[in-house]
Amino acid sequence: MARTPRLLLLFLAALLGAASLAMATPAADSVILFIGDGMGVAEIALGRAAAGGVLTLDRMPYSGSVTTVSSGGEVTDSGAASTALSSGYKTENGMLGMTPNRKRVETILERCRRAGKSVGLVTNESLTGATPAGFAVHVPDRDLARQIAEQLASSDAAVMMGYGSEGFVSSAPVDAAKGASDIATRLRKKGYDLVLTREELANSNGERLVGLFREGSEPELAEMVSAALARLRRNPKGFLLVVEQADVDGRPGDPSGAALDILELDRAAGTALEFARRQGRSLVLVTADHETGGLQIGNPGLLGALKGIRASAPEIAKRLNKDRSNVREVMKAEAGIADLSEAEVSGIKSAADPGGAIGSAISQRLGIKWTAGHTATPVRVFAYGPGADRFTGEMDNTDIPKRIAATLGLGGFGGPKQ
Ligand SMILES: [Zn+2]
(Lines give C-alpha, C1' and ligand atoms only; values in the text may rest on other atoms or scores of the structure.)
Protein backbone atom coordinates (compact mmCIF):
# COMPACT_ATOMS: atom_id res chain seq x y z
CA MET A 1 0.00 0.00 0.00
CA ALA A 2 2.81 2.42 0.91
CA ARG A 3 4.39 1.94 -2.51
CA THR A 4 1.46 3.21 -4.49
CA PRO A 5 1.77 6.94 -3.62
CA ARG A 6 5.51 6.80 -4.34
CA LEU A 7 4.86 5.25 -7.74
CA LEU A 8 2.20 7.82 -8.34
CA LEU A 9 4.66 10.59 -7.45
CA LEU A 10 7.27 9.14 -9.78
CA PHE A 11 4.67 8.96 -12.52
CA LEU A 12 3.63 12.57 -11.91
CA ALA A 13 7.28 13.68 -11.91
CA ALA A 14 7.79 11.95 -15.25
CA LEU A 15 4.69 13.66 -16.60
CA LEU A 16 5.93 17.06 -15.42
CA GLY A 17 9.31 16.37 -17.00
CA ALA A 18 7.65 15.59 -20.30
CA ALA A 19 5.52 18.70 -20.01
CA SER A 20 8.54 20.96 -19.42
CA LEU A 21 10.31 19.33 -22.39
CA ALA A 22 7.23 20.05 -24.50
CA MET A 23 7.29 23.67 -23.29
CA ALA A 24 10.92 23.99 -24.34
CA THR A 25 10.01 22.97 -27.89
CA PRO A 26 8.89 26.09 -29.78
CA ALA A 27 5.26 26.07 -30.85
CA ALA A 28 6.16 27.05 -34.42
CA ASP A 29 9.34 27.09 -36.48
CA SER A 30 8.09 29.53 -39.12
CA VAL A 31 6.11 32.76 -39.35
CA ILE A 32 4.35 34.46 -42.24
CA LEU A 33 3.55 38.07 -41.33
CA PHE A 34 1.25 40.16 -43.53
CA ILE A 35 1.10 43.94 -43.17
CA GLY A 36 -1.65 45.91 -44.88
CA ASP A 37 -0.27 49.43 -45.14
CA GLY A 38 -3.04 51.69 -43.89
CA MET A 39 -5.49 48.81 -43.35
CA GLY A 40 -7.86 49.85 -40.57
CA VAL A 41 -10.97 48.10 -39.34
CA ALA A 42 -13.27 50.12 -41.62
CA GLU A 43 -11.11 49.39 -44.68
CA ILE A 44 -11.42 45.68 -43.91
CA ALA A 45 -15.20 46.17 -43.80
CA LEU A 46 -15.04 47.58 -47.35
CA GLY A 47 -13.18 44.44 -48.42
CA ARG A 48 -15.83 42.30 -46.77
CA ALA A 49 -18.55 44.19 -48.65
CA ALA A 50 -16.72 43.73 -51.95
CA ALA A 51 -16.36 40.00 -51.23
CA GLY A 52 -20.08 39.83 -50.45
CA GLY A 53 -19.45 38.08 -47.14
CA VAL A 54 -16.63 36.85 -44.98
CA LEU A 55 -12.98 37.20 -45.89
CA THR A 56 -10.30 34.57 -45.42
CA LEU A 57 -9.05 36.78 -42.58
CA ASP A 58 -12.33 36.23 -40.78
CA ARG A 59 -11.64 32.50 -40.67
CA MET A 60 -8.42 32.98 -38.71
CA PRO A 61 -9.32 31.81 -35.20
CA TYR A 62 -7.63 34.49 -33.06
CA SER A 63 -7.60 38.27 -33.30
CA GLY A 64 -6.70 41.28 -31.25
CA SER A 65 -6.38 45.04 -31.28
CA VAL A 66 -3.05 46.82 -31.85
CA THR A 67 -2.06 50.38 -30.92
CA THR A 68 0.30 52.04 -33.39
CA VAL A 69 1.57 55.44 -32.17
CA SER A 70 5.28 56.19 -32.68
CA SER A 71 7.68 57.51 -30.02
CA GLY A 72 6.39 60.60 -28.25
CA GLY A 73 2.82 59.51 -28.92
CA GLU A 74 2.75 60.78 -32.51
CA VAL A 75 0.50 59.39 -35.24
CA THR A 76 2.94 56.95 -36.80
CA ASP A 77 4.42 56.92 -40.26
CA SER A 78 5.20 53.62 -41.99
CA GLY A 79 8.87 53.81 -40.95
CA ALA A 80 8.35 54.01 -37.20
CA ALA A 81 5.53 51.46 -37.44
CA SER A 82 7.73 49.04 -39.36
CA THR A 83 10.50 49.50 -36.79
CA ALA A 84 8.04 48.73 -33.96
CA LEU A 85 6.68 45.66 -35.76
CA SER A 86 10.16 44.42 -36.67
CA SER A 87 12.18 45.20 -33.53
CA GLY A 88 9.79 45.84 -30.65
CA TYR A 89 11.18 49.37 -30.20
CA LYS A 90 9.36 52.67 -30.65
CA THR A 91 11.14 55.23 -32.78
CA GLU A 92 10.59 58.58 -34.45
CA ASN A 93 8.70 58.88 -37.70
CA GLY A 94 10.96 58.43 -40.71
CA MET A 95 13.50 56.17 -39.00
CA LEU A 96 14.10 52.50 -39.79
CA GLY A 97 15.64 49.89 -37.49
CA MET A 98 16.99 52.34 -34.94
CA THR A 99 15.84 54.16 -31.81
CA PRO A 100 15.42 57.98 -31.75
CA ASN A 101 19.05 58.33 -30.54
CA ARG A 102 20.18 56.34 -33.60
CA LYS A 103 21.00 53.13 -31.79
CA ARG A 104 20.61 50.16 -34.15
CA VAL A 105 18.15 47.56 -32.91
CA GLU A 106 18.01 43.95 -34.02
CA THR A 107 14.95 43.07 -36.08
CA ILE A 108 12.99 39.83 -35.87
CA LEU A 109 14.16 39.10 -39.41
CA GLU A 110 17.80 39.39 -38.32
CA ARG A 111 17.09 37.36 -35.18
CA CYS A 112 15.55 34.58 -37.30
CA ARG A 113 18.51 34.66 -39.67
CA ARG A 114 20.86 34.38 -36.67
CA ALA A 115 18.90 31.30 -35.59
CA GLY A 116 19.56 29.69 -38.97
CA LYS A 117 16.13 30.28 -40.45
CA SER A 118 15.57 31.52 -43.99
CA VAL A 119 13.98 34.94 -44.38
CA GLY A 120 12.09 36.75 -47.11
CA LEU A 121 10.50 40.11 -47.93
CA VAL A 122 7.65 40.61 -50.38
CA THR A 123 5.76 43.80 -51.27
CA ASN A 124 3.59 45.11 -54.07
CA GLU A 125 5.47 48.43 -53.87
CA SER A 126 9.18 49.23 -53.87
CA LEU A 127 11.37 46.93 -51.74
CA THR A 128 13.10 50.04 -50.46
CA GLY A 129 9.76 51.30 -49.10
CA ALA A 130 9.58 51.81 -45.33
CA THR A 131 7.47 48.76 -44.47
CA PRO A 132 9.59 45.95 -45.96
CA ALA A 133 12.87 47.82 -45.45
CA GLY A 134 12.22 48.35 -41.72
CA PHE A 135 12.71 44.61 -41.19
CA ALA A 136 16.20 44.46 -42.66
CA VAL A 137 17.88 47.87 -42.63
CA HIS A 138 19.06 50.53 -40.18
CA VAL A 139 18.89 54.10 -41.48
CA PRO A 140 17.88 57.40 -39.89
CA ASP A 141 15.83 58.40 -42.94
CA ARG A 142 13.43 56.16 -44.87
CA ASP A 143 14.08 58.11 -48.08
CA LEU A 144 17.71 56.94 -48.38
CA ALA A 145 16.72 54.47 -51.11
CA ARG A 146 20.26 53.73 -52.27
CA GLN A 147 21.54 53.00 -48.76
CA ILE A 148 18.46 50.92 -48.06
CA ALA A 149 19.00 48.85 -51.23
CA GLU A 150 22.67 48.36 -50.22
CA GLN A 151 21.63 47.07 -46.81
CA LEU A 152 18.86 44.88 -48.25
CA ALA A 153 21.44 43.33 -50.59
CA SER A 154 23.59 42.44 -47.57
CA SER A 155 20.67 41.15 -45.49
CA ASP A 156 21.12 37.55 -46.63
CA ALA A 157 17.38 37.27 -47.27
CA ALA A 158 16.74 34.26 -49.51
CA VAL A 159 13.81 35.96 -51.21
CA MET A 160 13.14 39.64 -51.91
CA MET A 161 10.40 40.77 -54.27
CA GLY A 162 8.90 44.17 -54.98
CA TYR A 163 7.74 46.46 -57.76
CA GLY A 164 10.34 48.54 -59.59
CA SER A 165 14.06 48.79 -58.97
CA GLU A 166 14.31 51.99 -56.90
CA GLY A 167 17.69 52.11 -55.19
CA PHE A 168 18.86 48.84 -56.76
CA VAL A 169 19.91 50.24 -60.11
CA SER A 170 22.21 53.23 -60.18
CA SER A 171 21.30 55.99 -62.57
CA ALA A 172 24.89 57.25 -62.37
CA PRO A 173 27.49 55.78 -64.76
CA VAL A 174 28.94 52.54 -63.50
CA ASP A 175 32.39 53.06 -62.05
CA ALA A 176 34.09 49.71 -62.55
CA ALA A 177 37.36 50.86 -61.01
CA LYS A 178 35.63 51.53 -57.70
CA GLY A 179 33.54 48.39 -57.96
CA ALA A 180 30.40 50.51 -57.93
CA SER A 181 28.44 48.33 -60.29
CA ASP A 182 24.74 48.40 -59.62
CA ILE A 183 23.33 46.42 -56.74
CA ALA A 184 21.06 44.27 -58.89
CA THR A 185 24.06 42.97 -60.85
CA ARG A 186 25.93 42.31 -57.64
CA LEU A 187 23.02 40.28 -56.30
CA ARG A 188 23.05 38.19 -59.46
CA LYS A 189 26.75 37.52 -58.97
CA LYS A 190 26.01 36.45 -55.40
CA GLY A 191 23.85 33.66 -56.79
CA TYR A 192 20.40 35.26 -56.73
CA ASP A 193 18.07 34.63 -59.62
CA LEU A 194 17.07 38.15 -60.69
CA VAL A 195 13.57 38.28 -62.21
CA LEU A 196 11.98 41.36 -63.74
CA THR A 197 8.65 40.07 -65.06
CA ARG A 198 5.78 37.88 -64.01
CA GLU A 199 6.82 35.29 -66.63
CA GLU A 200 10.40 35.21 -65.38
CA LEU A 201 9.10 34.62 -61.87
CA ALA A 202 6.92 31.73 -63.04
CA ASN A 203 9.90 30.15 -64.84
CA SER A 204 12.49 30.72 -62.12
CA ASN A 205 14.02 27.72 -60.40
CA GLY A 206 16.57 29.69 -58.40
CA GLU A 207 16.81 28.89 -54.72
CA ARG A 208 17.55 32.52 -53.91
CA LEU A 209 15.41 35.05 -55.66
CA VAL A 210 15.26 38.81 -56.17
CA GLY A 211 12.24 40.20 -58.01
CA LEU A 212 12.36 43.83 -59.15
CA PHE A 213 9.28 43.81 -61.34
CA ARG A 214 8.85 46.15 -64.28
CA GLU A 215 5.72 48.23 -64.63
CA GLY A 216 3.06 46.34 -66.52
CA SER A 217 4.60 42.99 -65.64
CA GLU A 218 4.01 42.80 -61.89
CA PRO A 219 2.79 39.53 -60.37
CA GLU A 220 0.03 39.83 -57.82
CA LEU A 221 0.77 39.39 -54.15
CA ALA A 222 -0.51 35.79 -53.92
CA GLU A 223 1.82 34.72 -56.75
CA MET A 224 4.81 36.25 -54.98
CA VAL A 225 3.83 34.63 -51.67
CA SER A 226 3.54 31.27 -53.38
CA ALA A 227 6.99 31.66 -55.02
CA ALA A 228 8.53 32.79 -51.73
CA LEU A 229 7.07 29.87 -49.75
CA ALA A 230 8.26 27.36 -52.35
CA ARG A 231 11.82 28.46 -51.54
CA LEU A 232 11.69 29.28 -47.84
CA ARG A 233 10.01 26.00 -46.89
CA ARG A 234 13.17 24.08 -47.85
CA ASN A 235 14.98 25.18 -44.69
CA PRO A 236 14.46 22.53 -41.98
CA LYS A 237 15.02 25.22 -39.31
CA GLY A 238 12.04 27.20 -40.60
CA PHE A 239 11.62 30.70 -41.96
CA LEU A 240 10.18 34.18 -41.59
CA LEU A 241 8.33 35.75 -44.50
CA VAL A 242 7.13 39.37 -44.29
CA VAL A 243 4.56 40.45 -46.88
CA GLU A 244 3.27 43.98 -47.41
CA GLN A 245 0.14 45.05 -49.28
CA ALA A 246 1.19 48.65 -49.77
CA ASP A 247 -1.72 50.27 -51.57
CA VAL A 248 -4.45 50.86 -48.96
CA ASP A 249 -2.31 53.72 -47.65
CA GLY A 250 -2.84 55.60 -50.91
CA ARG A 251 -6.60 55.12 -51.07
CA PRO A 252 -8.26 57.80 -48.97
CA GLY A 253 -11.21 58.94 -51.07
CA ASP A 254 -11.25 55.75 -53.18
CA PRO A 255 -13.46 53.08 -51.58
CA SER A 256 -13.39 50.62 -54.47
CA GLY A 257 -9.60 50.86 -54.65
CA ALA A 258 -9.29 50.20 -50.90
CA ALA A 259 -11.73 47.28 -51.11
CA LEU A 260 -9.79 45.69 -53.99
CA ASP A 261 -6.53 46.08 -52.06
CA ILE A 262 -8.05 44.25 -49.09
CA LEU A 263 -9.18 41.47 -51.42
CA GLU A 264 -5.67 41.18 -52.86
CA LEU A 265 -4.20 40.90 -49.37
CA ASP A 266 -6.89 38.39 -48.44
CA ARG A 267 -6.07 36.17 -51.45
CA ALA A 268 -2.37 36.25 -50.53
CA ALA A 269 -3.22 35.39 -46.91
CA GLY A 270 -5.34 32.52 -48.25
CA THR A 271 -2.28 31.16 -50.08
CA ALA A 272 -0.27 31.33 -46.85
CA LEU A 273 -3.04 29.72 -44.79
CA GLU A 274 -3.37 26.85 -47.24
CA PHE A 275 0.38 26.27 -46.95
CA ALA A 276 0.29 26.56 -43.14
CA ARG A 277 -2.58 24.08 -42.83
CA ARG A 278 -0.64 21.43 -44.72
CA GLN A 279 2.74 22.16 -43.11
CA GLY A 280 1.51 22.57 -39.52
CA ARG A 281 4.48 24.46 -38.06
CA SER A 282 3.80 27.99 -39.30
CA LEU A 283 2.17 30.89 -37.50
CA VAL A 284 0.31 33.19 -39.91
CA LEU A 285 -0.37 36.79 -38.84
CA VAL A 286 -2.21 39.57 -40.65
CA THR A 287 -1.99 43.09 -39.27
CA ALA A 288 -1.48 46.71 -40.34
CA ASP A 289 1.08 49.42 -39.64
CA HIS A 290 -1.63 52.08 -39.03
CA GLU A 291 -4.98 53.18 -40.36
CA THR A 292 -5.05 55.63 -43.25
CA GLY A 293 -7.90 57.87 -44.25
CA GLY A 294 -9.96 58.17 -41.08
CA LEU A 295 -12.61 56.16 -42.88
CA GLN A 296 -16.10 56.41 -41.36
CA ILE A 297 -18.92 54.09 -42.32
CA GLY A 298 -22.11 56.12 -41.97
CA ASN A 299 -24.60 53.67 -43.41
CA PRO A 300 -23.50 50.03 -43.50
CA GLY A 301 -26.58 49.08 -45.49
CA LEU A 302 -25.19 50.98 -48.47
CA LEU A 303 -21.86 49.11 -48.57
CA GLY A 304 -23.47 46.21 -50.45
CA ALA A 305 -23.04 48.30 -53.61
CA LEU A 306 -19.33 47.40 -53.47
CA LYS A 307 -20.05 43.74 -54.15
CA GLY A 308 -18.35 42.59 -57.30
CA ILE A 309 -16.57 45.94 -57.85
CA ARG A 310 -13.70 45.47 -60.31
CA ALA A 311 -11.88 48.79 -60.60
CA SER A 312 -10.41 51.52 -58.40
CA ALA A 313 -11.45 55.13 -58.99
CA PRO A 314 -8.28 55.99 -61.00
CA GLU A 315 -8.82 52.88 -63.14
CA ILE A 316 -12.43 53.92 -63.80
CA ALA A 317 -11.16 57.38 -64.75
CA LYS A 318 -8.90 55.82 -67.39
CA ARG A 319 -12.01 54.58 -69.20
CA LEU A 320 -13.27 58.11 -69.79
CA ASN A 321 -12.83 59.31 -73.35
CA LYS A 322 -10.81 62.37 -74.26
CA ASP A 323 -13.57 64.96 -73.81
CA ARG A 324 -15.08 62.95 -70.94
CA SER A 325 -18.46 62.90 -72.66
CA ASN A 326 -19.05 59.30 -71.52
CA VAL A 327 -19.07 59.97 -67.74
CA ARG A 328 -22.58 58.57 -67.24
CA GLU A 329 -21.94 55.40 -69.29
CA VAL A 330 -18.61 54.68 -67.59
CA MET A 331 -19.97 55.25 -64.07
CA LYS A 332 -22.93 53.00 -64.77
CA ALA A 333 -20.82 50.21 -66.27
CA GLU A 334 -17.85 50.35 -63.91
CA ALA A 335 -19.29 51.57 -60.61
CA GLY A 336 -22.94 50.59 -60.95
CA ILE A 337 -23.99 54.24 -60.44
CA ALA A 338 -26.83 55.25 -62.75
CA ASP A 339 -28.13 58.31 -60.92
CA LEU A 340 -25.29 60.85 -61.18
CA SER A 341 -26.52 64.41 -60.75
CA GLU A 342 -25.68 67.08 -63.34
CA ALA A 343 -23.33 68.65 -60.77
CA GLU A 344 -21.48 65.35 -60.31
CA VAL A 345 -21.16 64.81 -64.06
CA SER A 346 -19.75 68.28 -64.61
CA GLY A 347 -17.54 67.87 -61.53
CA ILE A 348 -15.97 64.71 -62.99
CA LYS A 349 -15.70 66.34 -66.42
CA SER A 350 -13.85 69.40 -65.19
CA ALA A 351 -11.78 67.88 -62.36
CA ALA A 352 -8.00 68.14 -62.56
CA ASP A 353 -8.08 64.68 -60.94
CA PRO A 354 -11.11 62.83 -62.38
CA GLY A 355 -10.25 59.73 -60.31
CA GLY A 356 -10.65 61.83 -57.15
CA ALA A 357 -14.05 63.12 -58.30
CA ILE A 358 -15.16 59.56 -59.15
CA GLY A 359 -14.01 58.36 -55.72
CA SER A 360 -16.04 61.15 -54.09
CA ALA A 361 -19.17 60.17 -56.00
CA ILE A 362 -18.73 56.52 -55.00
CA SER A 363 -18.00 57.46 -51.36
CA GLN A 364 -21.19 59.51 -51.25
CA ARG A 365 -23.30 56.64 -52.64
CA LEU A 366 -21.81 54.33 -49.98
CA GLY A 367 -22.46 56.79 -47.13
CA ILE A 368 -18.79 56.89 -46.18
CA LYS A 369 -16.53 59.79 -45.25
CA TRP A 370 -12.77 60.23 -45.09
CA THR A 371 -10.52 62.57 -43.25
CA ALA A 372 -6.99 62.77 -44.61
CA GLY A 373 -3.79 60.88 -43.91
CA HIS A 374 -2.67 58.43 -41.24
CA THR A 375 -4.61 58.10 -37.99
CA ALA A 376 -3.87 56.65 -34.55
CA THR A 377 -6.96 54.42 -34.61
CA PRO A 378 -5.86 50.95 -33.43
CA VAL A 379 -5.62 48.24 -36.08
CA ARG A 380 -6.35 44.52 -35.95
CA VAL A 381 -4.14 41.48 -35.83
CA PHE A 382 -5.49 38.13 -37.05
CA ALA A 383 -3.66 34.91 -36.20
CA TYR A 384 -3.67 31.27 -37.26
CA GLY A 385 -1.46 28.33 -36.36
CA PRO A 386 0.74 27.29 -33.44
CA GLY A 387 1.17 30.25 -31.05
CA ALA A 388 -1.79 32.12 -32.54
CA ASP A 389 -3.50 32.33 -29.14
CA ARG A 390 -0.80 34.81 -28.03
CA PHE A 391 -2.30 37.41 -30.38
CA THR A 392 -5.55 38.25 -28.61
CA GLY A 393 -6.82 41.16 -26.58
CA GLU A 394 -5.28 44.62 -26.49
CA MET A 395 -1.63 44.94 -27.50
CA ASP A 396 0.88 47.45 -28.82
CA ASN A 397 2.64 47.06 -32.17
CA THR A 398 5.92 46.56 -30.24
CA ASP A 399 4.39 43.43 -28.65
CA ILE A 400 4.03 41.67 -32.00
CA PRO A 401 7.71 40.84 -32.72
CA LYS A 402 8.22 39.90 -29.06
CA ARG A 403 5.35 37.44 -29.26
CA ILE A 404 6.67 36.13 -32.58
CA ALA A 405 10.07 35.59 -30.96
CA ALA A 406 8.46 33.81 -28.00
CA THR A 407 6.47 31.56 -30.35
CA LEU A 408 9.65 30.66 -32.22
CA GLY A 409 11.55 30.03 -28.97
CA LEU A 410 13.85 33.01 -29.58
CA GLY A 411 13.72 34.51 -26.11
CA GLY A 412 14.89 37.87 -24.82
CA PHE A 413 13.90 39.83 -27.88
CA GLY A 414 12.74 43.43 -28.27
CA GLY A 415 12.52 46.66 -26.35
CA PRO A 416 10.83 47.80 -23.13
CA LYS A 417 7.15 47.18 -22.49
CA GLN A 418 5.05 50.08 -23.86
ZN1 LIG B 1 2.10 52.80 -43.62
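Which helix and which strand are included in what covers the buried residues of H2? The cover includes helix H10 (255–279) and strand E12 (379–384).

## Basis of the model

This is a predicted model, in which local features need pLDDT of at least 70 and side-chain atom pairs count only at pLDDT 80 or more, while totals for chains, interfaces and linings use all residues. Residues are numbered from 1 along each chain as its sequence is written.

Helices (H or I, at least four residues) and strands (E, at least two) are DSSP runs, numbered from the N terminus.

## Domains and their contact

The chain is split into domain 1 (29–295 + 371–407) and domain 2 (305–369), with bounds that come from an automatic or database domain assignment. Taken over C-alpha atoms, the centres of domain 1 and domain 2 are 32 Å apart.

In the contact between the domains, 12 residues of domain 1 meet 14 residues of domain 2; two residues are in contact if their C-beta atoms, placed from the backbone, lie within 7 Å. On the side of domain 1 that touches domain 2, the elements giving two or more residues are H2 and H10. H10 gives the most to that side, with 5 residues. By class, the residues on this side of domain 1 are 7 nonpolar, 4 polar and 1 charged. Here Ala, Val, Leu, Ile, Met, Phe, Trp, Tyr, Cys and Pro count as nonpolar, Asp, Glu, Lys and Arg as charged, and the others, Gly among them, as polar.

## Helix H2

Helix H2 spans residues 41–51, and its buried residues are Glu43, Ile44, Leu46, Gly47, Arg48, Ala49 and Ala50. A residue is buried if 20 or more other C-beta atoms lie within 10 Å of its own, exposed if 12 or fewer, and partly exposed in between, with C-beta atoms placed from the backbone. After H2 comes Gly52, which has a positive phi near 70°.

## Helix pairs

The axes of helix H9 (residues 221–232) and H10 come within 8 Å and cross at roughly 25°. H9 is therefore roughly parallel to H10. Axes are lines fitted to C-alpha atoms, for helices over the stretch in contact, and angles run from 0 to 180 degrees between N-to-C directions. Angles under 35 degrees count as roughly parallel, over 145 as roughly antiparallel, 65 to 115 as roughly perpendicular and the rest as oblique. H9 and H10 have a right-handed crossing; a crossing is left-handed if the near helix is turned anticlockwise from the far one by less than a right angle, and right-handed if clockwise. From H9, the contact uses Leu221, Ala222, Val225, Ser226 and Leu229, and from H10 it uses Glu264, Leu265, Arg267, Ala268, Thr271, Ala272 and Phe275. These residues of the contact of H9 with H10 comprise 8 nonpolar, 2 polar and 2 charged.

For helix H13 (residues 342–350) and helix H14 (residues 354–366), the axes come within 7 Å and cross at roughly 155°. H13 is therefore roughly antiparallel to H14. The crossing of H13 past H14 is left-handed. Glu344, Gly347 and Ile348 of H13 meet Pro354, Ala357, Ile358 and Ala361 of H14. The classes in this contact of H13 with H14 are 5 nonpolar, 1 polar and 1 charged.

Most residues other than glycine have a negative phi. Asp156 is not a glycine, yet its phi is positive, about 65°. Asp156 sits in the loop between helix H6 (145–153) and strand E4 (159–163). Asp156 counts as partly exposed because it has 13 C-beta neighbours inside 10 Å.

Arg324, also not a glycine, has a positive phi of about 55°. Its loop runs between helix H11 (313–318) and helix H12 (327–335). With 16 other C-beta atoms within 10 Å, Arg324 is partly exposed.

## Two buried residues

Thr128 lies in the loop between strand E3 (118–123) and helix H5 (130–133). Thr128 counts as buried because it has 26 C-beta neighbours inside 10 Å. Leaving aside neighbours within four places in sequence, Thr128 is in contact with Ala133, Ala145, Ile148, Ala149, Glu166 and Gly167. Thr128 and Glu166 are 38 residues apart along the chain, and 6.8 Å separate their C-alpha atoms.

Glu334 belongs to helix H12. Its 21 C-beta neighbours inside 10 Å make Glu334 count as buried. Not counting residues up to four places away in sequence, Glu334 touches Ala311, Ile316 and Arg319. Glu334 and Gly162 are 172 residues apart along the chain, with their C-alpha atoms separated by 29 Å.
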